[in-house]
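Here are my notes on this model, as numbered points. Please read them beside the coordinates.

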Amino acid sequence: MFGGSANIPSFDEPLQRVGGENNAFTSTDITNYYCTLPAENIETAFWLESDRMLRLAFTDKSLEVQRSVVIEEFKQRYLNQPYGQAWMKLRDLAYTNHSYKWPTIGKEIAHIEDATMEDVKAFFYKHYRPNSCILVVSGNVKTDDVKALAEKWFGDIPAGEKYERNLPVEPVQKEKRTLVFEDDVPLNVIFKAYHMPGRNHKDYYAIDLASDILSRGHSSRLNVELVKNQRLFTELNAYVTGEIEPGLFVVTGKLNDEVSWEDAEKAIDVELDKLKAELISENEIEKVKNKVETTHVYSEMDLGSKALELAYGELLGDANRMNTEMSKYRSVSREDIQNAAKTYLNDNQSNVLYYQAKSNG
């Protein structure tokens, strides 16, 4: 997509001439391309994006350049970085059927090496069509002007054939899964992942807040009890993957020297069991809700973040979601968090990766 199109041999150059920049990223749910430029030059972005959507230049040279770039990225992020293979191993452990078991970059370098021009074209013409695209413009612009530009530059591009995604459904997990992976890393690290609901499920907000109670900030439960008091971990975090389809609730920590896997995991389980056994305090739930709201407010100060939130909301079925998301967090009760913990944080639904340092074997 950055290798030029039929009428524009260099994608970056025209954008740079008008004071702009661009980039892209891919997650398990979306691929996002974005341009940032002065409002008075916004039509340049429409021109560039429409030309590569309609007439992307599929050249052998561009394919080989990008193949080399992605292979190098694979090596840097996954093979040559401490704990780089953790998520590849963890996803493969946690998912038996759903597409989330596949890293977006591929499971191995051969998947990149073996991709053909036919593969690339087929993917492009299936997915990079208007009926799979959400366009957001955020900034000093007027709605009518944006609509006119969208019609001018994208109106005559064929919508593309409709297709059903039919994603594989992950079966309910009924027993704990474990994997020991030995690597040349400085410390042993444990990853414990539980299946949880996707973004549109009513329990999503409660289980997300549960992760914040456990590890958001220096006064969080895991940090105070297991890092500071018991000194079992050098650091310990809990978070949700936040995906559209049912994702993962993950607890991960670096073990202190001489701490056994058994003691580390048992300590984590004790803290999770406390969430199930007793209601959190009013002060504790208010504190984490305030932190979520602070993050939300600050994110809206950035135009790029605001645009992405609008796009993501539209993808989930409601572009106005950015204006209602905080109220959903605010409506979560202490009982909701306790019930969510009881429902999802059970050992028979857990997937545990013991990322073992070779020197500590």
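1. Y83 is buried, at 13% relative accessible area. Buried means under 20%, exposed over 50%, and partly exposed in between, with a 1.4 Å probe and protein chains only. Y83 is not a glycine, yet its phi is positive, about 65 degrees. The residue lies in the loop between α3 and α4. Helices here are DSSP runs of H or I with at least four residues, strands are runs of E with at least two, and both are numbered from the N terminus.

2. This is a predicted model: local features need pLDDT of at least 70, side-chain atom pairs count only at pLDDT 80 or more, and totals for chains, interfaces and linings use all residues. Residues are numbered from 1 along each chain as its sequence is written, and side-chain values use heavy atoms, leaving out hydrogens and water.

3. R231 also has a positive phi, near 55 degrees, and is not a glycine. Its loop runs between α9 (221-229) and β5 (233-240). Is R231 buried or exposed? R231 is exposed, at 60% relative accessibility.

4. Helix α4 (residues 86-94) has A86, M88, L90, R91, L93 and A94 buried. These pack against α3 (60-79), β3 (177-183), β4 (189-195), β6 (248-255) and β7 (350-357).

5. The largest nonpolar core holds 43 residues, and F233, F249 and I337 touch the most other members. Such a core is a set of buried Ala, Val, Leu, Ile, Met, Phe, Trp, Tyr and Cys residues joined through side-chain atoms within 4.5 Å. Helix α8 (residues 204-215) gives the largest share, 8 residues. Beyond four places in sequence, I337 is in contact (heavy atoms within 4.5 Å) with residues including A206, L209, I280 and V332. A second, separate core has 16 residues, among them V185, A193, V250 and Y355.

6. How many aromatic pairs does a search of the whole structure find? The count is 17. Rings of Phe, Tyr and Trp (its six-membered ring) pair if their centres lie within 6.5 Å; planes under 30 degrees apart are stacked, over 60 edge-to-face, the rest tilted. F2 and F11 are edge-to-face, with 6.1 Å between centres and 85 degrees between planes. F2 is partly exposed at 33%, whereas F11 is buried at 3%.

7. R52 lies over the face of F2, 5.1 Å from the ring centre. The charged end of R52 also sits over the ring of F11, at 3.9 Å from its centre. The criterion is NZ of Lys or CZ of Arg within 6 Å of the ring centre and within 35 degrees of the ring normal.
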